[in-house]
Structures are given as structure tokens and as C-alpha cells.
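Please look through the sequence and the structure shown here before reading on.

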Amino acid sequence: MQSGRAPGAAVRRVYLIGFMGAGKSSVGRALARRIGWAFVDLDRAIERRAGKSVARVFRDLGEPGFRSLERRAFWKAAGRSRVIIACGGGAVESGAIRRRLAREHTVLLQAPLSVLARRLGARARGLPLWGPDPPEALYARRVALYRSCAFQTVRTRGRSAGDVAALLAKRFG
Ligand code: S3P
């Protein structure tokens with residue numbers, strides 16, 4: 001697989017980034033299955049390591065504690081090959097992670113906040129940073145961070161996870 005980012009260089013990893021509800025986990029799993037690569041979901045890796053849910057980690061260790069586990073999970077996954085990595089929505093809060101993403105095949109799954117809110121439905125209540133209403137300020141700030149390191153952007157409004165995975169697999173298949 002070739003990457004446009006470093007012409008001629010083989011792509012070893014694809015990172016999926018985007019806001020909560022963007023579909024990073026479901027697209028990542030479907031894409032990995034299609035192209036026969038491994039799949040790492042950073043939130044799940046954190047939960048395995050901590051032995052508790054992301055929400056519980058936020059409650060017990062606060063956001064700084066969660067971010068530190070997230071950075072650890074990221075760098076571990078970043079050392080693997082032939083892997084699709086679904087990043088948590090806030091992994092881009094780390095400048096070091098953004099710099100790495102900016103050099104790799106990083107795909108931004110983009111959709112308006114209203115679409116993400118509809119997609120998440122009641123699940124939004126379990127997300128530590130979502131709050132009672134869609135977090136507009138956080139979304140606006142994050143979109144700028146995502147754009148700063150994405151190599152490819154896919155609009156996911158009106159597309160299922162399977163559709164998006166199929167679209168991406170064409171490039172990598
Ligand atoms: C977060 C997004 C969540 C999870 C945590 C923090 C964020 O991941 O890592 O609740 O800061 O945007 P998803 O984007 O997979 O929901």
C-alpha cells in the first residue's frame with residue numbers, strides 16, 4: 001500500500017481520528033476486516049490496562065490521568081505494523097501525538113455536531129466530556145486540531161460505517 005504523504009513509502013498504519021460519535025471504532029473494525037489488518041481501539045486498550053471503563057477512569061484519575069493512559073496506549077499501537085488504529089476523540093490534545101499523526105496516514109471522519117449527537121443518542125450520556133448538551137466549544141476547537149494533522153477527510157453524514165470502510169478499503173486494497 002502506498003501513501004500520498006510519503007510517495008513511494010509503504011503505509012504500515014492507518015489512524016482514524018474525529019469527534020465522539022464519528023464512527024472511528026466501527027469504521028476501523030470494518031476496514032481492518034476488509035483488508036486483513038489488525039485493529040486497535042485505543043479506548044478499549046485503555047480500559048483493558050486500567051481494568052475499568054473510560055468513564056470510571058475519568059472519575060477516579062481525572063482527565064490528566066486518562067490522557068496519560070491514552071498517550072501510553074497510542075505509542076504502543078504506533079509501534080505496530082499493518083494495523084488500523086481508532087484514536088479516542090481527544091488523542092489530538094497531545095502535541096507529540098499530533099506531530100506523529102501529521103506524518104502518517106491519518107483519516108479524519110468528519111460530520112456536523114448535530115449528526116454526531118443524533119448518532120450517539122443516549123450513549124452520549126456515558127461520555128465524560130459530552131455533557132447535557134452537545135459540546136459546541138470543544139467540537140470547534142477539536143475540528144481545528146483534527147484538520148491540522150489529517151491526511152484524508154471523509155464526510156460520514158448519510159454513510160454507514162460499512163460504506164466508509166468500503167470507500168477507504170478501495171485506497172488500501
Ligand atoms: C474523548 C473521547 C472518547 C474517550 C474519552 C474522551 C474526547 O473517545 O476517549 O471519553 O476527549 O473526545 P471516542 O471519541 O471514541 O468516543
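Arg142 is found in helix 6, where helices (H or I, at least four residues) and strands (E, at least two) are DSSP runs, numbered from the N terminus. The model is a predicted one, in which local features need pLDDT of at least 70 and side-chain atom pairs count only at pLDDT 80 or more, while totals for chains, interfaces and linings use all residues. Residues are numbered from 1 along each chain as its sequence is written, and side-chain values use heavy atoms, with hydrogens and water left out.

Is Arg142 buried or exposed? With a relative accessibility of 2%, Arg142 counts as buried, since buried means under 20% relative accessible area, exposed over 50%, and partly exposed in between (1.4 Å probe, protein chains only). Leaving aside neighbours within four places in sequence, Arg142 is in contact (heavy atoms within 4.5 Å) with Phe19, Arg67, Gly89, Gly90, Val92, Glu93 and Leu129. The side chain of Arg142 also reaches the backbone oxygen of Gly89 at 3.1 Å, which is a polar contact, that is, a pair of N or O atoms within 3.5 Å; within protein, one must be able to donate a hydrogen and the other to accept it, and residues adjacent in sequence count only if both atoms are side-chain atoms.

Which residues come nearest to the ligand? Of the 14 residues around the ligand (each with a heavy atom within 4 Å of it), those that come nearest are Lys24, Asp43, Arg67, Gly89 and Arg142. In the side chain of Lys24, an N or O atom is 2.7 Å from an oxygen atom of the ligand. The backbone takes part as well, with an N or O atom of Gly89 lying 2.9 Å from a ligand oxygen and a polar backbone atom of Gly90 at 3.3 Å from a ligand oxygen.

Charged side chains come next. Side chains of opposite charge can pair when their charged atoms come close. The structure holds 10 salt bridges, each a side-chain nitrogen of Lys or Arg within 4 Å of a carboxyl oxygen of Asp or Glu. One of them joins Arg13 to Glu104 (3.3 Å, N to O); because Arg13 lies in strand 1 (residues 13-17) and Glu104 in the loop between helix 4 (95-101) and strand 4, this pair ties together parts that are 91 residues apart in sequence. Both Arg13 and Glu104 are buried, and together with Arg100 they are linked in a network of salt bridges.

Arg67 and Glu70, both buried, meet in another salt bridge (2.8 Å, N to O), and these two are separated by about one helical turn because they are 3 residues apart in helix 3 (residues 54-77).

Finally, consider the sheet. Strands of a sheet pair through backbone hydrogen bonds, either parallel or antiparallel. Here an open sheet of 5 strands has the order 2-3-1-4-5, with parallel pairing, and two strands pair if DSSP finds at least two bridges between them. Strand 2 (38-41) and strand 5 (152-155) stand at the edges with a single partner strand each, so one side of each is left without a neighbour in the sheet. Strand 4 (residues 105-110) runs parallel to strand 5 and is joined to strand 5 by 4 bridges, and Leu109 has Val154 in strand 5 as its bridge partner.
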